[in-house]
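Here's a quick briefing to read alongside the structure. Take a look at the picture, then work through the points below.

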Amino acid sequence: TETETETEPAPVDVEPVVLEEPTSLGTFKLTAYCGEHYPHICNDGDATNTATGATPKAGRTIAVDPKVIPLGSVVVINGHEYVAEDTGGAIKGNRIDIHFTAHAEALQFGVQYAEVAIY
């Protein structure tokens, strides 16, 4: 009778998967804008479209200076991930404008400072 012998497969050389860690960009000034149209308060342009063409969404959309943070980047602020989808005339250098749905929410946010990281 024929006997079957089991052989172990040869080991496969696999590169370990390294999860990308966000890189700190330092402390930024954070302001807020809303989807309602309040000229020269929250926005002075089209509140329904962003610079990337995406519809702004609270909890996701931020306006950035694309010379500092490239549009489309995932940005971490206070442990929350946002997407750099918009720009603004006053958003220069280390400043970010966070999108809120309602004007009252934007006013309540006010001006804050926080560490910002990017993937």
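R60 is partly exposed, with a relative accessible area of 27% (buried means under 20% relative accessible area, exposed over 50% and partly exposed in between, using a 1.4 Å probe and protein chains only). Keep in mind that this is a predicted model, where local features need pLDDT of at least 70, side-chain atom pairs count only at pLDDT 80 or more, and totals for chains, interfaces and linings use all residues. Residues are numbered from 1 along each chain as its sequence is written, and side-chain values use heavy atoms, with hydrogens and water left out.

**The salt bridge**

- Searching the whole structure turns up 1 salt bridge (a side-chain nitrogen of Lys or Arg within 4 Å of a carboxyl oxygen of Asp or Glu).
- The partners are R60 and E85, whose closest N and O atoms sit 3.1 Å apart.
- R60 lies in the loop between β1 (23-34) and β2 (61-63) while E85 is in strand β4 (residues 80-86), so the pair ties together parts that are 25 residues apart in sequence.
- Helices (H or I, at least four residues) and strands (E, at least two) are DSSP runs, numbered from the N terminus.
- E85 counts as buried, at 9% relative accessibility.
- Setting aside neighbours within four places in sequence, E85 is in contact with T50, A51, T52, A54, R60, T61, I62 and L71 (contact means heavy atoms within 4.5 Å).

**The barrel**

- A closed barrel of 6 strands runs β1-β5-β2-β4-β3-β6, and its pairing is mixed (two strands pair if DSSP finds at least two bridges between them).
- Neighbouring strands of this sheet are turned by 45° against each other on average, direction ignored (the axes are lines fitted to C-alpha atoms, for helices over the stretch in contact, and angles run from 0 to 180 degrees between N-to-C directions).
- β1 and strand β5 (residues 95-100) run parallel and are joined by 6 bridges, with C34 standing opposite F100 in β5.
- Strand β3 (residues 74-77) runs antiparallel to β4, with 4 bridges between them; V75 has Y82 in β4 as its bridge partner.
- These two strands, β3 and β4, form a hairpin with 2 residues between them, and N78 in the turn has a positive phi of about 50°.
- β3 is also joined by 3 bridges to strand β6 (residues 112-118), again running antiparallel, and here V76 stands opposite A117 in β6.

**The nonpolar core**

- The largest nonpolar core has 19 residues, and those with the most contacts inside it are L30, I69, I77, I96 and I98 (such a core is a set of buried Ala, Val, Leu, Ile, Met, Phe, Trp, Tyr and Cys residues joined through side-chain atoms within 4.5 Å).
- At least two residues of this core come from each of β1, β3, β4, β5, α1 (103-109) and β6.
- β1 gives the most to this core, with 4 residues.
- Not counting residues up to four places away in sequence, L30 touches I77, I96, I98, F109, G110, V111, Q112, A114 and V116.
- In soluble globular proteins, nonpolar side chains tend to be buried together.

**A look at E105**

- E105 is found in helix α1 and is partly exposed, with a relative accessible area of 35%.
- The side chain of E105 reaches the backbone nitrogen of A102 at 2.9 Å.
- E105 and C34 are 71 residues apart in sequence, yet 7.9 Å apart in space, C-alpha to C-alpha.

Conventions: A polar contact is a pair of N or O atoms within 3.5 Å; within protein, one must be able to donate a hydrogen and the other to accept it, and residues adjacent in sequence count only if both atoms are side-chain atoms.
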